[in-house]
Amino acid sequence: MQANILHAATLQTQSPLNTMSIRFYALDSPELMAMETNGHLLLVGTKEALEFCSPNVAFYVNCAVKVSYLEHTGLDPPAPLLRSVTSKLSPTFDTHSCLDTWVDVDGTVVRVTLGCLPSGPASRHNCPSKPHAVTDIVKSVASGEGTLRILITLAAADHAVALGTAVARAFPLYNHKSGNGKPLRKVEVVFNMTSAALATCMLVSGGITDETQKQQQQQQQQQVFDPSLTVLHKLQALSDGIQLCARLVDAPPNEMHTDAMVEEAGQVLHRLQKLKTQDNVTVTVIRGEELREKGFGGLYGVGKAAEHPPALVVLTLLPKVMGVGRGSGSSSGSISNSGKKDNTAGTSVVWVGKGIVYDTGGLSIKTKTGMPGMKRDMGGAAAILAAFEAAVRLGYHKGPLHAILCLAENSVAAKATRPDDIHEMYSGKTVEINNTDAEGRLVLGDGVAYAVKQLKPAVILDMATLTGAQGVATGKRHAALYCNNEALEEAVVAVGRATGDLAHALPYAPEFFQSEFRSAVADMKNSVANRENAQCSCAGQFVGAHIKEWVEGEGHGWVHVDMAYPVHNGERATGYGVNLLVGLLERL
């Protein structure tokens, strides 16, 4: 691996962190057999699963210790107590239920919490394994010190990714409270399946039950990622990515400014260099006045007034060997000018992330209640950066992968963009500014245009906390999709249901939405004329207008993901997007 411009080894992250670790185990993992737990055991599952598992709690507390009482009697001494506690769990279709008790396991007193998932099957637009409830249950017992062992009772091996990563969402890393010097918190996530059983897990099965289809998708998964990695390796990479994404989003803007985000990209490169793979990973940065000189009128116009300059960061993975795994073969492939792959090429995928590190609204300034929380306006870029690292760790080798971070602070100062200004975008199109608080689409417009002009993609996915209208359209849990390709749209929805990063489609009808941006003096305005005409779709259409010819070209897939509300739950980031992005690589 080599750095193109950024020298990552000299960079340091300054954000304060909680000290904790999460590790994943199968029921027969050798490492687990050598551990003892004197801390806290959390059993999570449906009521039926808990009724089955709780009488055997001594085994789950410590697989290595032969419990003397069990040896002599064949019974688990806590069984009657735990059966009684389990019978008192009272979940409903939309709420979980938790109860606590203490049990004596071979002379060791252990705190046991039973976390019962909501009753009944999940609805058709929810993830079947209900990972949102797992996150809430784990959060309820997350505080404290020492080891927390979580036993997840899987109904199917394919639920492991959604439920395992749901645990990571419950443990945010960023914390700037004074006196934050607690000892390392260990979290051990154990699945009620052996390694062999977990090996049948697919990252994004989407609930496939047909065995032939399942075998075909397992083969597809092996063609995309390193086949030597187990589902536990995948869980570790995804969970680390979710926690990284959430840490970046939770950090305040006086720490996580544009320069700091560039440094974070450098740290990702530095960590990937340590893997010592044969893959070529580079990071390129275009920053400050260089953006203006190279024609990035949207990104430069949004960020030019801030103390820290705007930047376009491009992370690129060129696998040494495409489509056959690491370390075998020699062809690297190429993408033709038409965007179609040649006989030896992999599919070029480009992710573009909105990275507005703080959004005051600019001169169209937000209100005092509308501005707090705008540190999260870089959630799309954070997810893409974290997903890129996870994908490289997992040995993605199907083809070139590019991650573009469009970084800027929408600030108020003498140099700030004014309403009525006209910017010339990287696409060559001109935009009349009628709302400086519609800035995200400007930076994304430059990002996707750069992707088309410089990277020759077959698929572009842009991800952004773009509109308040997203919450109205698809709610707090589901991102909104604006997509030119029905098969791609269906794939994103299926991956979301399988991994817990839920998404739902918006109407895709450029002929109904482009007219909202009509301008008398430029190619378009940046904000709609009619705010009652599918604002979320319109915002996506503005982005797509800067790659119109490419979007209309044969075989090109573009999806715009607006995740303004799923990016956070209350005052904490969720790490939304990492599972969706990495999982989708299997389906392209």
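**View 1. The lining of the largest cavity holds five nonpolar, eight polar and one charged residues.** Here Ala, Val, Leu, Ile, Met, Phe, Trp, Tyr, Cys and Pro count as nonpolar, Asp, Glu, Lys and Arg as charged, and the others, Gly among them, as polar. This is a predicted model, in which local features need pLDDT of at least 70 and side-chain atom pairs count only at pLDDT 80 or more, while totals for chains, interfaces and linings use all residues. The space in this cavity is about 90 Å³. Of its 14 lining residues, Gly 301, Val 302, Asn 410, Thr 417 and Thr 436 come closest to the centre. A cavity is a set of points, on a 1 Å grid over the protein atoms alone, where a 1.4 Å probe fits but cannot get out; lining residues have an atom within 4 Å of a point.

View 2. A volume is the space filled by probe spheres set on the points, which are joined across faces, edges and corners. Among the lining residues are Phe 171, Pro 172 and Leu 173. The helix α10 (231–250) supplies at least two lining residues, as does α7 (160–169); helices are DSSP runs (H or I, at least four residues) numbered from the N terminus. With three residues, α10 gives the most.

**View 3. Leu 363 is partly exposed, with a relative accessible area of 40%.** Partly exposed lies between buried (under 20%) and exposed (over 50%), using a 1.4 Å probe and protein chains only. Residues are numbered from 1 along each chain as its sequence is written, and side-chain values use heavy atoms, without hydrogens and water.

Technical notes
1 Å grid on protein atoms, 1.4 Å probe; cavity = no way out; pocket = protein on both sides within 12 Å on 5 of 7 lines; lining within 4 Å.
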